[in-house]
Amino acid sequence: MRSLIAASLMRTRTVMMLLALILVTGLASYLTIPKESSPDITIPVIYISVSHEGISPEDAERLLVLPLENELRAIEGVKELKATASQSHASITLEFIAGLDTDEVLADVRDKVNLAKSKLPQDTDEPIINQISFASMEPVITAVLSGNLPERALVKIARELRDELESRKQILEVDIAGDREEVVDVIIDPLKLESYGLVPADVINLVSQNNQLVAAGNLDNGKGRFSVKVPAVYKTAADILSQPVKADGDRVITFGDIASVLSTFKDGGGYARMNGKNSIALEIKKRPGENIIETVGLAKAIIAEGQKLAPKTLNVDYVGDQSVDVVDMVNDLQNSVLAAIILVVTVIVGALGFRSAVLAAIAIPGSFLTGILIIAMMGLTINMVVLISLMMAVGMLVDGAIVVTEYADRKMSEGVARKQAYQEASLRMAWPIIASTATTLAAFFPLMFWPGIMGEMMTYLPLTLIATLSASLVMALIFIPTIGSLIGKPRKLSELEKRSITEAETGDLQNVPGWAGVYIRTLSKAIQHPLKILFSGMAMVTVIYFAFISFGKGFEFFPDVDTNNIMVKVRVNSSNLSIDEKDEILRKVEAILLRQPELKTLYARTGDNQEVGTIRLNMVDWKYRRKAALVAEEINQKLSHFAGLDITVERKKDGPPQGKPLELVISANDLDVLHETVGKVRTVLAGIDGFTNLEDDGPTPGYEWRIDVDRAGAARYGADVSSAGGLVRLVTSGLTVGSYRPDDSSDEVDIRIRFPESDRHLESIDQLRLMTQSGLVPINNFTTREIAPKVDSIKHLDGKRTVSVGANLAEGALLNDLLPELKAKLDTLDVPQEVSFTIKGQNEDQQESSQFLIKAFAIALFVMAMILVTQFNSFYQAFLIMSAVVLSTGGVLLGLLVAGKPFGIVMCGIGVISGRHRREQQYRVD
């Protein structure tokens, strides 16, 4: 190191060129590096979706879930395997241990799914396998289209914009909220059908048989070769109406004689609204690694161009723009760096002079730009964690530069030439600076091995700090001395400063004037009573520790930061509501929320199953409103009068996805026992103060009509279950018989046959007649219709039937304080022996991170102590410096106690082990 320092001072031009190169490339990297809100980590979760039309949840569990589970559970590295069986669908979610090769894991999953496909029913759709990432979880911006336009016009504009947006490489996908799937209904009139002597079976197969392109081969006669086609695909609805159905003499009966064609939307779907007005929303998700600021700007530009071509009544609003937060954090970083430079210059000007202050200040932007250059070379992005890390590093970058500059200034004041002064300063202070930087890096290095999703996210913190602190070491020992050897100049000392230096070096320390003298005399008195000071300090720290344990706010996993977004989820304890009934309920909730004074925009979207819908409130900036917690509490009170609705009001929190703070998993093989236990557990949770917004993913109460077919009776008429079921679908959702692609659409539109709305009721099912070998037979001759409880889903966790009960925490409540009471009540709960409970959620994440941070804390302390022993060759001096950890932790707890804040396991834990508090002790002891 000594030779490198000496060589750099001998080749100042080379060093200055290298510095200029680093600064220019660092600045270019800062301007061009992708910026995003959350780190785009690869979440070790793979989602498998399988559909089979018409299958019940019980059959989906038996025929779809179990074969897939049996194959997938054999994959190495599976942490958790969840499955859901529902109507016509099954899904499998695999969570793997973080850190595995995602490509290899995905290949293993595909292999196992291919093995399981042979065990699935014949008509099951192809399984869809998706890998989940941060980018695919949440849109970076939502564009809401509204205005005085028909729904079909809004949908068409939204689809055109979606296609244009998805053609850009920066955009991963665009989901359209409020877009209902188009369909062409062929409404056949039963009376007309009978008047022509027709039955539904006569027309059902006509569409599929005539709506196709037949490649009739090639004709080659030696004098030319031509392809022959028989094109018969439908292009318009008129083609369907002109389709012949039956010939009666010279007359041809077409669909137009017995049916009407209606271009409409499929039943169900959903609605979206912006500030109470019907709208269509484009939820735009960026591709991993792309710049969020550029992506959002590109999306807005494309939508603005599309708006110019659209009708003038089209309005476009934007909600959930994550680029705003990124821009604010980048500006905060720039302001922090600028403020740090100004403060450093201001403080050092008074102590060392203007030139020395400028030299020390150069270390801040130099270290930052070098660190960002390293981050860019590693292929990383600037995100929330990187920005927080850079802000943390501001106070740690200038220590080495100040020490070197101060020592050189002192030598120049003694008459030493500036080049020699900076060389001596760099060489003399090299070992203390290297050792202090090494102890700080030793504190952050173990954090690179943080496990789990939280670790994948927080890995950016040690990487950023290691890069910037290593850059500050090079700045302090190489670049700053080189610049100082060129422009350094001793400052003029006042008589008081000369006297202070003389007394400090050759005279009596008690006579040193100024604030330094006050400090020396205070220290001298303290040294005269070492035991009193020692025990007083120990007693004070002990009191702080016990006070925090007794009166503090406890511990929290991740800091709770005030945000501008509040989510309202509305659920109903029934699965029999239509989409229009849900929409009516949601409108009533919206009407109350639209009167909220802090509201900026309100975006609502109807939901599926028992979820009525979700409402996202975007509030005005925090400077102009109350805290989000108070607003959420007020909203909760305003909505409490809705009877029969389960309304959850949640503030959106920063950090990795954590789900509910409490997730209690209940396992049992018997579904009836499982559902009964869920009710008891919800009663227990409701009786514990601190738990709010209870939810469970068990089946929603509801009813369904079952058409039981007497197979023996059907066989006597030559009928079967398939033909009877197809006939019933004419009364219900319609029978899909084909599809066609309109000229004005890029998507295929299903063609389905159904009865008129006036004939779509339960009694119509009893009146259906099926054509059999015995003629027309009423379907109720061999079927019975009965109502029965509905099971809409069955959940599995690691192969066992489960139901998860989740709960939020009331403001100020901490999970660790509530768990003992919960566990005690669960132990005394009267449930069958087969029932088991597992507490997951935030508690599981807390335990994993807490255990790791304890280990990281121990490793960091040991490595720091080893570096200190190597530096001083003394256990005693190393112990003196390491005692600062205990004292500084006491200071942290005292600050939290005064501020009324809990100890953050993640952020406070990192601060405690960061090693920042003992750098000054190292310099002092050295």
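Tutor: In this predicted model, two strands are said to pair if DSSP finds at least two bridges between them.

Student: In β25, which residue is the bridge partner of S739?

Tutor: Strand β24 covers residues 735-740, and strand β25 covers residues 749-754. The two strands run antiparallel and are joined by five bridges. Within β25, the bridge partner of S739 is D750.

Student: Which strands stand at the edges of the open sheet of four strands?

Tutor: The order of this open sheet is β12-β7-β25-β24, and its pairing is mixed. Each edge strand has a single partner strand, so one side of it is left without a neighbour in the sheet. The strands at the edges are β12 (259-265) and β24 (735-740).

Student: On which residue is the kink in helix α18 centred?

Tutor: Helix α18 is largely enclosed by the rest of the structure, because 22 of its 28 residues are buried. The helix spans residues 460-487 and has a kink of about 45°. This kink is centred on M475.

Student: Is E71 buried or exposed?

Tutor: E71 lies in helix α3, which spans residues 57-72. Its side chain makes a polar contact of 2.8 Å with the side chain of K119. Buried means under 20% relative accessible area. The relative accessibility of E71 is 14%, so this residue counts as buried.

Note on methods
Residues numbered from 1 in each chain as written. Predicted model: local features only at pLDDT ≥ 70, side-chain atom pairs only at ≥ 80, totals over all residues. Heavy atoms only, no water. Bend = angle between axes of the 7 residues up to and from the residue. Buried < 20%, exposed > 50% of the residue type's maximum accessible area, 1.4 Å probe, protein only. Polar contact = N/O pair within 3.5 Å; in protein donor to acceptor, adjacent residues only side chain to side chain.
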